[in-house]
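Student: Could you walk me through reading a protein model, one feature at a time? I would like the general idea and then the case at hand.

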Amino acid sequence: MTVPEALFTGDARPYPGGDPYADYRTTDFPFAHLPDLADRRLGAGVIAANDEFFAERENLLKPGAAEFDPERFGHKGKIMDGWETRRRRGTDAGQPHPTDEDHDWALVRLGAPGVIRGIVVDTAHFRGNYPRAVSVEATALPGSPSPEELLGDGVKWTVLVPRTAIGGHAANGFAVDVEQRFTHLRVNQHPDGGIARLRVHGEVAPDPAWLGVLGTFDLVALENGGRVEDASDRFYSPATNTIQPGRSRRMDDGWETRRRRDKGNDWIHYRLVEQAEIRAVEIDTAYLKGNAAGWAALSVRDGTGEWTEILPRTRLQPDTNHRFVLGAVVVAREVRMDVFPDGGVSRVRVFGGLTGEGAAGVATRYRELGGGPA
């Protein structure tokens, strides 16, 4: 599905007072369920920008919606919760306007390299000061390249979003259909202006050489290529939170379901990075105190067939990290966690190593996405 280019094109109304989001323009994008590869929790960052006179580039990747305070001004003008550049000018009084080629840019390092399925350029609260158009390019470089290296002559950039008109005070979404693995983006705004947030939805594609060196690692972690296939309930927070890096830092940084009034139970279905040997698991209920799940059970399967229980229904304690060493190594590609009857879990960790078949699968996928030999 391709999101229409002109869905929100054009100016928003001047701020009328009251709720600043009352006239905000957005929709349900078909790729929004995928993780944000530019999430700061994964290690993403805005490593350079040619201009950030009014508002810092780092705001682009802040979690949560952009905030707006109509009374907040500083020495340089209105303080905005986004990245905002100064107004571009022409060369002289005879040519006061910028040329068609003039534009501002920011370089973004993805927290988890992968295949990009959709990009949201959010101009929330930028009503008369948003860019006329944007474009987005991507590249893949090993290691931790500097801005100077990324901007070097030998770097190949692939266009993900061609120069496209956007709208102010809106979530401008673009579906991407490029089957390659990328590590960095170059976000261009034509000619200048402000962008509140950038979201880069996609699928993590890990480096097989790195996983091979690790040996034993978290097989379901988002940064290692694990993912949530489905979940019974996402009422309070997304199931993907359970495979984010680190321990959760507050209650909404986990997965919490609504209160069940039937006799059923809630669950999450995970897919591991590839076929692997599982040796131990963790189920963490950090910050979930009066709303933690009461019991949990884990089952696995190797891609097909019936689920096999590896952890029977076990009592969970609130605000506690529970560790379980399996009695025997279990080979699987998928894991299902059932919680009873409802409630929350902050993190799930599945420790082990890839089988020979699993390692070959990761390496093949890496090569198919342009990652070179692995």
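Tutor: Gladly! Let's begin with secondary structure: helices and strands are DSSP runs, a helix having at least four residues and a strand at least two, numbered from the N terminus. Keep in mind that this is a predicted model.

Student: How many helices and strands does the protein have?

Tutor: There are 3 helices and 20 strands in the protein.

Student: And how do I read the overall dimensions?

Tutor: Start with the extent of the C-alpha trace, which spans about 80 × 50 × 35 Å along the principal axes. Then turn to the radius of gyration: a compact globule with 374 residues would be near 21 Å, and the protein, at 23 Å, agrees with that.

Student: What share of the residues is buried?

Tutor: Buried residues account for 52% of the 374. As for the surface, the protein exposes about 18,000 Å², with carbon and sulfur atoms supplying 49% of it.

Student: What do the contacts say about how the chain folds back on itself?

Tutor: Look at sequence separation. Among contacts between residues at least 6 apart in sequence, 78% join residues at least 24 apart.

Student: Let's move to charges. How many positive and negative side chains are there?

Tutor: The protein carries 46 positive and 54 negative side chains, and the centres of these two sets lie 4 Å apart. The general idea for pairs is that side chains of opposite charge can pair when their charged atoms come close. Searching the whole structure turns up 33 salt bridges.

Student: Which residue meets Arg117 in a salt bridge at 2.8 Å?

Tutor: That is Glu179, with 2.8 Å from N to O. Arg117 belongs to strand S5 (residues 104-122), while Glu179 sits in the loop between strand S8 (171-175) and strand S9 (182-190), so this pair ties together parts that are 62 residues apart in sequence.

Student: Are those two side chains buried or exposed?

Tutor: Arg117 is buried, its relative accessible area being 18%, whereas Glu179 is partly exposed at 38%. The cut-off matters here: buried means under 20%. Arg117 also forms a salt bridge with Glu203, at 3.2 Å from N to O. This second pair links distant parts of the chain, Glu203 in strand S11 (residues 197-204) and Arg117 in strand S5, 86 residues apart. Glu203 is partly exposed, with a relative accessible area of 30%.

Student: Which residues are linked in a network of salt bridges?

Tutor: The network links Arg227, Glu229, Arg271, Arg301 and Glu334. Take Arg301 and Glu334: their closest N and O atoms are 3.1 Å apart. Arg301 is partly exposed at 22% relative accessible area, and Glu334 counts as buried at 2%.

Student: One last residue, please. Where is Asp284 placed, and what does Asp284 touch?

Tutor: Asp284 is in strand S15 (residues 266-284) and is buried, with a relative accessible area of 4%. Leaving aside residues up to four places away in sequence, Asp284 touches Arg247, Thr320, Asn321, Val345, Ser346 and Arg347.

How values were computed
Residues are numbered from 1 along each chain as its sequence is written. This is a predicted model: local features need pLDDT of at least 70, side-chain atom pairs count only at pLDDT 80 or more; totals for chains, interfaces and linings use all residues. Side-chain values use heavy atoms; hydrogens and water are left out. A salt bridge is a side-chain nitrogen of Lys or Arg within 4 Å of a carboxyl oxygen of Asp or Glu. Buried means under 20% relative accessible area, exposed over 50%, partly exposed in between (1.4 Å probe, protein chains only). The radius of gyration is taken over C-alpha atoms; the globule rule is 2.2 Å times the number of residues to the power 0.38. Contact means heavy atoms within 4.5 Å. Accessible areas come from the Shrake-Rupley method with a 1.4 Å probe; for residues, only the protein chains shown count as cover. Lys and Arg count as positive and Asp and Glu as negative; His and the chain ends are not counted. The place of a charge is taken as NZ of Lys, CZ of Arg, CG of Asp or CD of Glu.
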